[in-house]
Amino acid sequence: MANLKLTNVEKTYAGAVNVLNNINLDIEKGELIVFVGPSGCGKSTLLRMIAGLEKITGGTLEIDGQVVNDMPPAMRGIAMVFQSYALYPHMTVRENMSFALKIAKKPQSEIDAAVERAAKMLQLDPYLDRLPKALSGGQRQRVAIGRSIVRDPKVYLFDEPLSNLDAALRVATRIEIAQLKEQMPESTMIYVTHDQVEAMTLASRIVVLANKGIAQVGAPLELYERPNSEFVAQFIGSPSMNLLPGEIVGTGQQTTVKMDGGGVAVSDYPTTDADMGLKVNVGVRPEDFVGTSGDHIFEGRVEITEALGEVTLLYFEKQGDGHAVIGKLPGIHAELRGKTVKLGASPDKVHIFHNGTSLLYR
Ligand SMILES: Nc1ncnc2c1ncn2[C@@H]1O[C@H](COP(=O)(O)OP(=O)(O)OP(=O)(O)O)[C@@H](O)[C@H]1O
């Protein structure tokens, strides 16, 4: 049985501002689900509806088989961790972590055991008697997580918990969250982030939200390797997948596309005779281009190179139609600037879209 089940969930804010429709999603016990999507697509709204902080205006939300639409937040067995830690400044770490259990009038021995256990998991034991002001940002965020762990919730909700941390601390805390999840295999977590790496590394499944609904749900590599639309293809992965126009000239188990402005692309996406002549967009990720002296998807001049250290980004102007294309090569390649090169890609890395939809998902 799904731990969390959303059926046709909808949100219309006061004033008839409709932001989410037809949200259907089953979340199994123990999953770590990540919501991603462009700014304003409704990620926080969806999380807040699950928490009970925002009214669900249509459809149903079930937790462990029970409809909870009208259940108050405190009764839902859900804990939410926000980007601002909201710790009580005058209370020690131990008092902050104990607070909810004290309010719930749990026996002191039970509170102590829960706090010790959470502190150990989060490596907070040395700091239990400190005040929040004597902790780093990452440690404070761990206390905020600790406060939810002691309550032993059915579901953890994280709303961009790392966005206030600097880059190095983000990485360290992300790894801690991954380790924490491993220690709590039964706990269900839902996590909202803008950060691609967090989504790719933490998620058991990613939910991509766009246009008031779910664009695609899948394991991180599934979305990366088999995006169902141009939108998801360009949203997952950085820099975005290149989309180049062409026309199908060969069908079958493999598909051949004659590229506008010259060149040819061969894809493992299967097509039928009916697809001959179809105008399509060929999608290739920057990291999937390879130099070639034979058949090539395009020929272009390297206008700019950007050395990022471990990789170099190459900005091409494509011959024939002047289309901008981005490539990504391991290592440092300033010498390629101004050169004209031919690039191809292995057929399993060549995606094909028609009217915005992947040919694999029509
Ligand atoms: N109380 C409200 N009343 C009316 N509209 C609202 C309210 N809260 C949010 N919205 C609107 O709902 C939409 C979704 O907002 P939400 O904060 O859920 O998006 P988000 O995906 O979390 O955005 P971001 O990535 O920028 O944090 C936005 O267009 C926002 O303006």
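What is the mean pLDDT of the protein, and what percentage of its residues reach 70 or more?

1. **Confidence.** This is a predicted model. Its mean pLDDT is 93. A pLDDT of 70 or more is reached by 99% of the residues. The ipTM is 0.97 and the pTM is 0.91.

2. **Ligand shell, by residue.** Tyr13, Val17 and Val19 are part of the surroundings of the ligand. Gly37, Ser39, Gly40, Cys41 and Gly42 also belong to the shell. Lys43, Ser44 and Thr45 complete the list.

3. **Ligand shell, by element.** Strand S2 (17-27) and helix H1 (43-51) each contribute at least two residues to the shell around the ligand. H1 gives the most, with 3 residues.

4. **Ligand shell, by class.** The shell counts 6 polar residues, 4 nonpolar ones and 1 charged one. Gly counts as polar here, so Gly37, Gly40 and Gly42 of the shell fall in the polar class.

5. S14 (residues 279-284) runs antiparallel to S11 (residues 242-250). The two strands are joined by 6 bridges. Within this pair, Val280 of S14 has Gly246 opposite.

6. **Strand S14, another partner.** S14 also pairs with S20 (residues 351-354). This pairing is antiparallel too, and has 3 bridges. Here Asn281 stands opposite Phe353 of S20.

7. **Reading the strands.** Side chains in a regular strand alternate between the two faces of the sheet.

Conventions
Residues numbered from 1 in each chain as written. Predicted model: local features only at pLDDT ≥ 70, side-chain atom pairs only at ≥ 80, totals over all residues. pLDDT = per-residue confidence, 0-100. Pairing = 2+ DSSP bridges. Helix = DSSP H or I, 4+ residues; strand = E, 2+ residues; numbered from the N terminus. Near = placed C-beta within 6 Å.
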